[in-house]
Each structure stands twice: as structure tokens, then as C-alpha cells.
Amino acid sequence: MTILRLVLFGWLLLLYVPGAGAQTVVSGQVTDSQGGEPLAGVYVIWGKASGTTTDTEGFYSFAGNPGKIPVEFRFIGYKSRTEIVNITAGETVVLNVELEPEAQFLDQVVVSADRMEQKRSDLTVSMDVIRSDYLYRTHITDAQELITKTPGIEVLDGQVSIRGGSGFSYGVGSRVLALIDGLPMMSPDAGGIKWNFLPLENLSQVEIIKGASSVLYGSSALNGIINFRTADASNIPVTSFFTEVGIYGNPPNIAWKWWDIPRLSGHASFSHLQKFGNTDLGLGVNLSSDMGYRKYNDESMGRVSVRIKHHSTRNQGLKYGINLSGGKSYKTDFVLWEDALTGGLKQDTSTVSRFHGYYFSADPFVSFGKRDKVRHDFRMRLQTSENRFPVRSANNAGSVSLYGEYQFWYSFSDHFSITTGFSETWSIITSDFFGDHRGLNLAGFAQAELRPVNRLKVTGGVRVEQNILDGEPDRLVPVFRTGLNYQAAEHTFLRASFGQGYRYPSIAEKHASTTLGSVRIFPNLLVQPESGWSSEAGVMQGFMIGRFRGEGDLSVFLSQNRDMIEYVFGPHNDPGSNTSGVGFKASNVEYSRIYGTELEFLLGRQIGKMTATVAGGYTYINPIEISAYTGKSKGLYLKYRRKHTARLSITAASDRLEAGIDMYARSEILDIDNVFLKIETRDLIMPGFYDYWLQHNRPYFLMDGNLSCRLNQSLKLSLAVRNITNTEYMGRPGDIQPHRNFSLRLSGKF
Amino acid sequence: MKKILFLLLPGILLLAASCGKDKQSERFELLTAHVWTSDSLLADGADASGTGGILEKFKGDVTFREDGTGTFGQYNGTWAFVDEETNLAIDSPDLPFTLTTHIVELKTTSLKVTLTYPGVTLIAVRMTFKPK
């Protein structure tokens, strides 16, 4: 039957391929080497720019020209394999291949940890990798939601906290640096992440370093980095799209339902990746509109990206190109709710504002490398962004920034290599909110990787950086890092690391002066950079037991920060207007120490034609405030942190059906700003919040589910339900999170 | 195992080096050297330390301990220098918010701080302390 099928398929191919008379058919079946099951969807790549995938029975077939050609077989979770096929004219070649499973994801290639490609198992620091299939399976279209569902991380209304490294300050002055393909993607004024313009429609994976990363990435990477890596074109052109409609259900507290017509959302996305000769092209478009489940909190946005990369044929190893990205968003946003009893989903209209955001970036790059010996990378990002408030024009702000970076890597031998380089960021901010400012940031960095003995890797690095704002140089900051990785057994990797971090205050923290409803924000020209360090020891264990494959990662960590910038509520003076009042002002008031442990695991098994995976993680932290003068605990918890977070995901996928359940649990928030709790201020700021807080600041459990059905080779229909248990829970004070909602998606890949 | 411990040594040494206690500033030494006692507590130029006055609870001894905790009259809480030691932040569970006071004078013989306190109108507060 199999032979008949192959022959018939081959003849059909001959009939349909123009000029196929001169070609020969290569065909075969790809199977699992352990269980013998056929593998569907394996990439079969031959020659320089040709490829196909195996069908549901693992069969493939292609027509090739006579001669010796390499044929490569690639499949996630299996070791890639290349066979040389000698084709002679008129001959049919049958090439059946068995792929060998590998320990799950240990060989996954990442780039963020040392600014170079390496296996995850080789890292000296903790890194989480979110693969794009998770994003598509769960229907996540918001980058904040994607990140906050990662073990040990929480995003509170735009503010990312990795292992408790940050509290909450409305996204201003992020201690976590967001990158797109290694280039910073932050607003130069507020120092926050531009969440709306992260290219989720064209991701290969997201890499998250959990710990101080300033040596590699500079200020803002005090608490870690999130690198959104876009997908490259492969030999096989790939076009993917989805269109989705969503609806919010009823809130658990039915008295809070304020709408008469259903609250809907819609999303559409398109991506195309293709090689044209030696040029890679990538296109991405995303459109979305969300009516929102809260009154005065709707959003519409669109973004477009174009990626062009050319591989020089004249100079082997030379690549150059440009990535362009742009977008617009229209949003109604709020700061404080109206009242807890009459509607936590209704907002205080005095804090509501209509907001138009614009973004554009152009990233030219040139890279030249001789394989395994030397590499030069020169990259730039010209970024412009603008925030327009049609009603509150006093809050308008615009910025232009130019980031440039040169990086040099040289390998002296298999045992020793160095990476060094420098970067600059030049920015102009024009704002009625922050004032007009010019910034310049200069940095130089160097790191070395040493492999003194087999299985051992030691890294060390230093960075010196200076920030100059409006011609006033800040202090020159040198920071250091070191780490090691030791392969104790075939699938056992030990690691330890220490890294220093720092962050210059953002322009918003220094200069923002505004009023939002009853809340006033004061500038603080004296606010100083914050700094700290983090250390970690961990073990990564991969395993294959029978048909089970997987990995586990256990780490313990300790970090300490000084002069942490927090917004302090109280009576303050505005030196600009020489007026006083009550409100928030950024101040270096906090010293902190956080220790904890984290366990993450992934387990997979092939059961007949079905693949089942179980993945999860648990993070424990003890975040305490310490005395600036003795280093001893003050007996206070850091604000907006939780001690326990956990996640468990279970998926099962067959040829036609895929189902998944994702469960999340978090313990209560340990402490928040006194302004929300003190009798003198709490009702002034947020009516009804204090009682709500007492009753609802509890641990919570969430469950998301999804089910998809493959309609044919290319199309898939899927349903996702978020917050199945319809749990009522809150992020930062007054920010009630989405209740149960549904989305139906038609997606395609061809 | 010994080999692994040896390899971890650089990191541990760096960690230990980072934990070292900072040398304290002159202002820190001056502030923590004494137990202070209130000398004058003025609100808009008038004494506000009497019964019912807004500064009543600041009357008495004030101690700035070296570990960042302290007693401020009847308040127990924490203190910290901020804004390049030009300001002194005082916090207590019994205060409605953090009081960020401006240091007008800090000498061995005198501590003077000012702040604007919110009331029906903003009140200019000036507090002077002397060593006990």
C-alpha cells in the first residue's frame, strides 16, 4: 500500500511539474525512531531554497534535478538529520528517515543571554522561552497578557515585575527592558514598554531573562529583559493569518453589568515569510478592536511590519537589511474606578481620557561574520512615537530616538571568545506633560566566555554607561556580571550567576507634572539612579524515560536593590510652578531584598498519533524592605508583590484536534500604598476601595481553555475561553481584570 | 563537589563584596548621634503643639535610629534621607501619608525641617528640634 501510494504520488507530481521530465522524484516516510509512529509536519528541505512538509502519515515527496543534493529533516523535539541523496536521471529514490527524539527543548537555541546564539542548556542565567505556538493556541493578542501568564512574572497595568523586582507605578520607569530582536523598544520619556506595538503577529519566540541584565543591555534591564524575536523566512514560504471575534460574558457580580448590548472584540492578523533568492522578506499586519468590559476603556489599533534581509553572494557571511514597523492605537483609558459598590467596571470620568498613540521604527542592520571565528554587527533603531490626548492636550508628548550599536565577537579558540561593543541612544522629547528634553546615553561593554575544561563554561562581563539629560551628565556607572555553567551529566546542567544592575530615572519620574482626577503628579529633579544586583544558582535536568521526554529547572535566587524609585504619596512642592499640594512624587525611598525559589518543568509524550504535554512552574519569593543603613529587614513587605505564583498547562494534539487547559494561581498582594488604605485619604482617592480590598485581596485561581479543529491541510477553527471559572480578581488597585470571555478564531497556514 | 564549589567561588566573593556595609554620610552621623526633643512646632507661624494642634503628636522626643526606624513624638515608624539628603522622609502607620520634609538645618545643636501640610488650605509647617 505504501509503495503504491509513493509511486502514484510520484507520477502525479511528474504530470504536474513543468519540465519534470528532466527531474527525479525523491520520496519517503519520516517516523519516530523509538516508537515508529509517522511524524506529520516535518520540514523537508533540499537544495538551497526548496522545501516541503510531511503529510499526516509522515509521507513526503519532491522532484529534484540529477546530482548529489543534501536533504535536511527538521522537526521540533527531534534531532535534525541531513542525508545526501545521489539522484540520477529517470530514477526514483525512496528515502525513509527515522528521527531521534531529543530531551525537550534543551537544545533550543536562544540569543538573549549572552548576545549570541547558544543552547538553552548552556546558559548561566535563568531564561524562560515562550514559543509562538502557545500564543496562537491560547488566542492571546495582548503582549501584557502573554508575559503576565509566565511563571514568576506579573504585569500590573503595564508594569512588569520579574520575581518581585518591581512594584507598580503606572508603567513608568520600567525595571524590565523590552527588546525586539535585541533592540530596545521603550518610550524615551516615560521609560515604559510600548506594549501595543510589539509584533505578536510574526514571532518566533519570546526570551525572558530573570535577573539583572544591565551589563548586557544597560539601564532599564535592572530586573531582567524580555526579547521579542521575530521569525525569519525559511526555505519554505509561509503565509499565516487569523481572524477572530470575541465576546465578554457576564461579570461574577451581576450588579456590575453596565452594558445593554454585548461587549465584543475583533482581531485579524496576517503574516508572510518568503525567500526570494538571497533575500528574505517578512510582512506582518495586525488589526484589532476591543469594546472592553469596562466603561470608558475601549481600544482599536493597527500595526504593520516589513522585514527585509539580504545575504550577500559576493561576500560570504555578509548580511544586511532593514526592519520597518509602525502603528496607531486609539484608546480610552482610566486611572481610577468610580465606586466599588456601584460598579468596579465603571471608571471615574475625571480620570478618563481619550488617547491616540502613534509609533514608527526603522531598524537598518549590517552583519558580517566568518563562521565560528569572528562577527561584526552594526544595528540601529530610529524610533518615533507620539501620544495625543484630544481633550487633555496638556498630557501630549512626542519623542524621537536614535539607537545605534556596534558589536564585535571574536573566538580565539574553542575555549575562549570575547564580545565587545558600544552603543548610544540619542533622544528628543517634546511634551506639555514632561517639558522638552534632550537625552544622550553612551555605553561600552565587554564580556568573555571561557571554557577551561570540557563541560564547563565561565562568563564575565563589564559595562560602563553614562546618561546625559539636557546637557547634565549623570554619574558614570560601571557594572559587572559573572556566571558559570557546568554539564554534570548528559542531560544535567548546573549554573550560577551574579549580575549588577542599575537604572537611570526616566524623564517622567524627574519631570512629569500633571493632575489626573484627584491625583496630582509632582516632578522631582533630585531623584537619583537606582541600582542593585541579583544572584542565582540552578539546575536544569532533561530526561527521556521510555516515551516520556521533558525537562525540569530548579533555581534559587537572591537580589538586592538600593535607592529604588517609588512614587510616594503625600504633600509635595512643585518647583516649576512653586505650588504645593498632595499627590505622588518619585523618590529614592526603598531598599529591598528578595529571595526565593522557582521550579519549572515540561513533560511530553507521544501516545499513538496524539502528542500530550504538561508544563508548569511555581515561584516563591520573600520580598522585604531593608534598612538603607544596616541592611536588616524593616519588617515590611515590598508593595504590589505576591509570595506565590503557579501555572500548569496541559495540552493534547492529534492530526485534527488540539485541546489545552491553562491554570494559574496567585497568592494575595502583600502590601499596597497607604494612600489606598488610610482613612484620611482612601475615599478621596478611590471610593469604596478599602472595603473591597479587605474582602477581595485573596489568593485566586484562573483557568483558560481552548479547543481547535483542523478543517483541512491549511485551515483551523478554534475556540478559546478565558477565565472559565469567572473569577473576580484585581491587578493594581482599582483594576478589575477580565471576567469570563470567549473567542472564536479561523486561522490558516499555507 | 569540591571542584564545583571552587568554580562557584568567584560569584560568592562578588556576592560577599556587594553585601558590605556602606560608609555613612556626615548628615547620617549628625541625625543619629542624638536623641532630639521638639523645640518649636509651628503651623503658619503659630504654635501647633498644643492639644488639638496638627503637630501635637510630634511633641516630645525624636529618635532617628541607625537601622532606619525611629520614634517621632508619639509616632513610631521609619525614616530615610531622600533627594540627595536634602529631604527627610518620615513614615508611620499612624500618619496619613509619608511626610517628606525639607531639611533647612542639620547641625549638632539643631535640626530644622519644613513641609507643606494639607488642610482646608495648605499649611506651612516648620519643626525645630534640639539635642536632648
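The model is predicted.

For chain A, the mean pLDDT is 88, and 95% of the residues score at least 70. Residues 1–21 of chain A have a pLDDT below 50, and this stretch makes 17 contacts in the model beyond near neighbours in sequence. Where pLDDT is low, the predicted coordinates should not be read in detail.

A:Ser411 is located in strand β27, which spans residues 397–413. With a relative accessibility of 9%, A:Ser411 is classed as buried, because the cut-off for that class is under 20%. A polar atom of the A:Ser411 side chain is placed 2.9 Å from the backbone oxygen of A:Ser413. When neighbours within four places in sequence are set aside, the contacts of A:Ser411 are with A:Asp372, A:Lys373, A:Phe416 and A:Ser417.

A:Lys328 belongs to strand β22, formed by residues 318–333 of chain A. Its relative accessibility is 41%, so A:Lys328 counts as partly exposed; the limits of that class are 20% and 50%. A:Arg303 is 25 residues from A:Lys328 along the chain, yet the C-alpha atoms of the two residues are separated by 6.5 Å. Not counting residues up to four places away in sequence, A:Lys328 touches A:Ser300, A:Met301 and A:Gly302, as well as A:Phe197, A:Gly357 and A:Tyr358.

Chain B contains two helices and nine strands. Of the 132 residues in chain B, 42% are buried.

Helix α2 of chain B covers residues 26–33. Its buried residues are B:Phe28, B:Leu30, B:Leu31 and B:Thr32. These buried residues pack against six strands of chain B, namely β1 (35–43), β3 (61–64), β5 (75–82), β6 (87–91), β7 (99–106) and β8 (111–118).

Technical notes
Residues are numbered from 1 along each chain as its sequence is written. Chains are lettered from A and ligands numbered from 1 in the order in which they are written. This is a predicted model: local features need pLDDT of at least 70, side-chain atom pairs count only at pLDDT 80 or more; totals for chains, interfaces and linings use all residues. Side-chain values use heavy atoms; hydrogens and water are left out. Buried means under 20% relative accessible area, exposed over 50%, partly exposed in between (1.4 Å probe, protein chains only). Helices (H or I, at least four residues) and strands (E, at least two) are DSSP runs, numbered from the N terminus. Contact means heavy atoms within 4.5 Å. pLDDT is the predictor's confidence in each residue, from 0 to 100. A polar contact is a pair of N or O atoms within 3.5 Å; within protein, one must be able to donate a hydrogen and the other to accept it, and residues adjacent in sequence count only if both atoms are side-chain atoms.
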